[in-house]
Amino acid sequence: MDALLELKDLSINYHSGKEKFLALDQVSLSLERGKTLGLLGESGSGKSSLALSILQLIPTASLQGEILFEGQNILNLTGKSLQTLRGGAIGMIFQEPMTSLNPVLRCGYQIEEAIRFHKGHTKKDARIECMRLMEGVQLTDLDRVYNAYPHQLSGGQKQRILIAMALAGDPKLLIADEPTTALDAITQREILSLLKSIQQERDVSMLFISHDVAVIQTVADTIGVLKNGKLVETGSCEALLSMPQHPYTKGLLACRPKQDVRLHRLPVLADFESGKTPAIPIAQAKNRSVGPRLLEVQNLCVYFDQPGSLLSKVQHQTRAVDGIHLQVNTGETVGIVGASGSGKSTLGKAIVGLLPIHTGAIHLEGISRKQIQMVFQDPYSSLDPQQPIGRAILEPIVVHGLFENAKQQKERVRALLHLVGLEPDIHLNRYPHEFSGGQRQRISIARALAVEPQVLICDEITSALDVSIQATVLNLLKDLQEELDLSMIFISHDLSVVQHQCDRMLVMNNGKEDCSGNSAELIQQPPTPYFKQLVEASFLIG
């Protein structure tokens, strides 16, 4: 075995005052030249800490063990040798392009800066090399993208810019830390295909980090599974995914919704903690009976005015939602799916009243507008960081004057926390930053339920969650729907989740309806080329 990178008994201890936290515990791994090692695990498992340690982007005092790159211990490098390694021999693609790119510098300049630093090119030669790299990462309209600021590009374009920057020093090793997490299925597939082609063309090794089994499977030759800083299992991609040995790995594989069977409830990691594999499927979902119509959207249009250029004051209109029809019945879940920019979230916000509509109508059958509530994608930004979560849930109850007195209102808050699986005595007075992502999403659901809605709009609420936490949240929503007879609009770009959760779906493309119908039937037989492309991209695992 010709190993390019070797980790030997690598441990990482983070210090916070007098306390120590063991982020990585004696991990040993190796990566062969020209191969891809996938690191799989949940948030907090140590994946990103491991990647950052390779470039000494965490204090070396926190590190123990060895990191050998071409036989040389990286932890012994300092000064210019370390600078040459970072971005030169080893390139890194970070998870979130908007925070990794400088918002006030043009994208082309940022790529050129990396080229000039690592290759010493003149400004003219750096421009030529920059254009070559941008073309190599499959960017089009190069002059426009070169002169664009990060906020003027789509998520996929920004990720391509980061890949071009990582390639600027002709690396031998490429570290990709969750590079597709925030992308829709089609863009995600394009980025993964691009990374694989780059690896083959340049003969680089790749360390690919993800919490998504489906993504890991498409790129990795071997896989290492991390849990709470420990390496619990390693093996070839095919062997590990077909016959996992560790209960944690089995749980990760089972938590993700499948294409071939729709379960009533998804397995969760707790089912595997005893070391015994539960029977799967647990129970197949049955078609539920639904009640009368609650909500109907007719020919809804939402337009945004775009300002003219410096040379022209003529405004342009973006038709974010263009002539959409939608009906939601009592006790039913309707999915809204499509790629990023298709108008899904705009439609949801217009229904709940957060955006004005241009034309069309929203008919409410015997319910008020307050009985339509929305749970947003990012629970951290939708919660006030300076407000305890008990007060955040209490606020809409007070504003709408629900219940007779303050005592009953507070009892309602405690009941809501208990309903979403949190402990009032423990969690009531804590702040949002003291909770995990999955717990914060539960809090957001509790707040939305505070005014006793009949329709709950969920906007990409599981897209940033680990698959095990995603399964827990999806199960919670099904429990709440059965207990409270809720109707739901479930917005997502992940068709595996939509098929599991939704009775019917509406597919959107550039603001318009592409197709609609029964979720399972549409996925089994996609009626349009666009939706067929979405299906193929979403179900990366067969």
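Which residues of α1 are buried? In this predicted model, in which residues are numbered from 1 along each chain as its sequence is written, local features require a pLDDT of at least 70, side-chain atom pairs count only at pLDDT 80 or more, and totals for chains, interfaces and linings use all residues. Side-chain values rest on heavy atoms, with hydrogens and water left out.

The buried residues of α1 are Lys47, Ser49, Leu50, Ala51, Ser53 and Ile54, where buried denotes under 20% relative accessible area, exposed over 50% and partly exposed the range in between, with a 1.4 Å probe and protein chains only. Because six of the eight residues of helix α1 (residues 47-54) are buried, the helix is largely enclosed by the rest of the structure. Helices (H or I, at least four residues) and strands (E, at least two) are DSSP runs numbered from the N terminus. After α1 comes Gln56, with a positive phi near 55 degrees.

Two cavities of 30 Å³ or more are found in a search of the whole structure. On a 1 Å grid over the protein atoms alone, a cavity is a set of points where a 1.4 Å probe fits but cannot get out, a pocket is an open set with protein on both sides within 12 Å along at least five of seven lines, and lining residues have an atom within 4 Å of a point; grid points are joined across faces, edges and corners, and a volume is the space filled by probe spheres set on the points.

The largest cavity holds about 330 Å³ of space. It is lined by 26 residues, of which Gln188, Asp212, Arg256, His493 and Asp494 are the closest to its centre. Two or more lining residues come from each of α8 (185-202), α9 (213-219), α18 (467-484) and α21 (529-538). The lining comprises nine nonpolar, 11 polar and six charged residues, with Ala, Val, Leu, Ile, Met, Phe, Trp, Tyr, Cys and Pro counted as nonpolar, Asp, Glu, Lys and Arg as charged, and the others, Gly among them, as polar.

The second largest cavity, of about 30 Å³, is lined by Leu5, Leu7, Leu29, Ser30, Leu31, Leu37, Leu50 and Leu207. Both β1 (3-16) and β2 (19-32) give two or more residues to this lining, and β2 gives the most, with three. By class, the lining has seven nonpolar residues, one polar and no charged. Leu50, one of the lining residues, is also among the buried residues of α1.

Gln188, one of the residues closest to the centre of the largest cavity, is buried in α8, as are Ile191, Leu195 and Gln199, among others. The end C-alpha atoms of α8 are 26 Å apart, in agreement with the 26 Å that its 18 residues should span at 1.5 Å a residue, the expected span being 1.5 Å times one less than the number of residues. At the N-terminal end, α8 is capped by Asp184, a side-chain oxygen of which lies 3.1 Å from the backbone nitrogen of Ile186. Just after α8, Asp203 adopts a positive phi of about 55 degrees.

The second largest pocket has a volume of about 500 Å³. Its lining numbers 19 residues, with Arg86, Gly87, Phe94, His118 and Met165 the closest to its centre, and α4 gives the most to this lining, with five residues.

Terms used
Polar contact = N/O pair within 3.5 Å; in protein donor to acceptor, adjacent residues only side chain to side chain.
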